[in-house]
Amino acid sequence: MDNRILYVRLPCNPIFPIGVIYLADHVHKQFPAVEQRLFDLGTVPPLDYASALDTCIDEFKPSLLVFSWRDIQIYAPVGGRGGNPLQHTFEFYYARNLLVKLRGAIGLLRVAQGYYGELWRNLGLIKRGMKRARRYNPAVRAVVGGGAVSVFYEQLGRSLPKGTIVSVGEGEALLEKLLRSKDFLDERCYVVGETTARDRMIHEVPTPIEKTACDYSYIETIWSEFDYYLQAQDFYVGVQTKRGCPHNCCYCIYTVIEGKQVRINPAEEVVAEMRQLYDRGMRNFWFTDAQLIPARKYIDDVAELLQKVLDAGMSDIHWAAYIRADNLTPALCDLMVKTGMNYFEIGITSGSQELVRKMRMGYNLRTVLENCRDLKAAGFNDVVSVNYSFNVIDERPETIRQTIAYHRELERIFGADKVEPAIFFIGLQPHTHLETYAFAQNILKPGYDPMNITPWTVRKLLWNPEPLGSLFGEVCLQAWQQNPNDFGREVMAILEQRLGRAELETALTAPISPAKPLALSRSS
Ligand code: B12
Ligand code: SF4
């Protein structure tokens, strides 16, 4: 039987499904004769998921089902799909008023219902799809992958049908081997009920592939919902310019999923890909790299890319990305502004150099400020989101005061209305240094279930330990009460009222001793 591949992007907010698009593009380039179809449940109303999937399978009769699952974790500083999970959790744990606590408990129940509901629904869709496809191809196989599977590959396998291939990280090489009927088990994957995930499999180096411009004239022939994303003017369409991040930030799993080896897609290929989208009317792009400029040595590559964007005449676009703002030069800032960067996120986590060092983040906060001044001088006048995760490690009133001083300096540079503090509390993820630290501190025991969201597990996974945990709990509750629509700024204001602000210089200098980086018993 000929290979017929159906890519199913499982339900998710409508974010451009770049992962499955790249997979289908890669397969098409290797196997032009293979029939493919792309089906994005992100564009289907929830009540129609099952029937729409059935219809698609009945029409296409796939022999291989590729399920892509983007996200599972829901903790964010903004309202999520089940309301604001962070707010409900904090109400439940930290509210003194019993009514607010009760409201938190009810909210948490709703969050749990939504979370488990989505999990079971997605697992149900995979099983349903398999059953339906078997009517036409008894030997049909299923492969599951995507961001959520990469993070929770060990846990998800327990609930998937026997024979399902569970994949970690990028899937191009695995699909290629599957289609060539080659042994694929040396890729980062396992088969449910037949093999088990190798110990520390996620840490294995991904098989490098050479990325060329995605061929959108092919993609539009296999994907009828493409227009959905083209028509809405506010979508940021994903374009990947590189894979990998060389850093070691203690809470981050990107550097493991994508690997530490940075692999750059040739600038002309990236621009050729953007040009195809541009010609179809797209003007907003999100460079989906874990970091657009992972280290100083990649500055020239990004400059080359942006120069080529300009040379290609795409002068009316906007773009956004995660930016490590310690890796900028005045010339690069100039290009960033000229090419239309209108939003970026910096994940400094703390405004205290001491803590940034302890979290192994490799940022020099003084350099970040200098580079931000260059960016402003180059004419950047849009929004920057600064991600702060309080209380990760060794937070003290003094380090909070330093973070406030740092934040106020960023506001002085860009304008207070342009700097959005995004207040996160780290959701502990498996395979990170922070997890190892939690084991070493007896906060978690090996074998815990990171997907479990019972209140006692969430209390540990949503990282906000005492002695400061209750203070942050109270401050956040006050901020939601006083100004729910500007939560981040309100948190900063309350913290400043309560604790004051340090001298900027103290934020920028980390004492060499005793500020040792996070001490762990195991290295990766
Ligand atoms: C860029 C990014 C964003 C951008 C997206 C911008 C845009 N317009 O595209 C923004 C900032 C908006 C964002 C938001 C969020 N994100 Co995000 N994001 C990422 C990031 C850094 C890259 C994703 C990406 O597009 N990569 C490029 C494409 C090409 O890769 P890909 O989609 O992963 O697909 C490849 C592989 O996964 C694999 N693959 C995919 N499907 C399949 C299927 C099979 C069968 C196989 C074999 C392989 C395979 O092959 C593909 C090609 O190589 C990842 C982390 C990371 N480094 O992967 C997090 C990540 C996807 N995000 C995540 C989350 C949680 C979110 C949020 C839900 C956070 C929140 N709580 O608010 C939000 C909201 C998203 C929503 N649905 O509403 C999680 C998801 C996993 C989880 N923990 O649940 C990730 C993995 C980060 C993490 N470690 O936690 N995100
Ligand atoms: S720089 Fe960003 S992507 Fe890289 S390890 Fe740190 S947090 Fe993760």
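**A charged pair and its surroundings**

Author: The side chains of Arg96 and Glu474 meet in a salt bridge, with N and O 2.9 Å apart; the term stands for a side-chain nitrogen of Lys or Arg within 4 Å of a carboxyl oxygen of Asp or Glu. Arg96 sits in the loop between helix H3 (85-94) and helix H4 (98-134), while Glu474 belongs to helix H18 (residues 469-482), so this pair ties together parts that are 378 residues apart in sequence. Helices (H or I, at least four residues) and strands (E, at least two) are DSSP runs, numbered from the N terminus.

Before going further, please note that this is a predicted model, in which local features need pLDDT of at least 70 and side-chain atom pairs count only at pLDDT 80 or more, whereas totals for chains, interfaces and linings use all residues. Residues are numbered from 1 along each chain as its sequence is written, chains are lettered from A and ligands numbered from 1 in the order in which they are written, and side-chain values use heavy atoms, with hydrogens and water left out.

The two partners can also be described by their accessibility, for which buried means under 20% relative accessible area, exposed over 50%, and partly exposed in between (1.4 Å probe, protein chains only). Arg96 is exposed, at 71%, and Glu474 is partly exposed, at 26%.

Glu474 also meets the side chain of Arg498 in a salt bridge, at 3.1 Å from N to O. This pair again links distant parts of the chain, since Glu474 is in helix H18 and Arg498 in helix H19 (residues 487-499), 24 residues apart. Arg498 is partly exposed, with a relative accessible area of 39%. Elsewhere, Asp54, Asp58, Arg128 and Arg132 are joined into one network by salt bridges that share partners.

Another pair is Arg198 and Glu204, whose closest N and O atoms are 2.8 Å apart in their salt bridge. Arg198 is partly exposed at 31%, and Glu204 is partly exposed at 25%. In total, the structure holds 37 salt bridges.

Ligand 1 is surrounded by 40 residues, the closest being Asn13, Ser68, Ile72, Gln73 and Glu258, where a residue is counted if one of its heavy atoms lies within 4 Å. This shell divides into 21 nonpolar, 13 polar and six charged residues; Ala, Val, Leu, Ile, Met, Phe, Trp, Tyr, Cys and Pro count as nonpolar, Asp, Glu, Lys and Arg as charged, and the others, Gly among them, as polar. Helix H1 (18-30) is one of the elements that supply at least two residues of the shell, and H1 gives the most, with four residues.

Ligand 2 is surrounded by Cys245, His247, Cys249, Cys252, Tyr254, Thr255, Gln291 and Arg324, a shell of four nonpolar residues, three polar and one charged.
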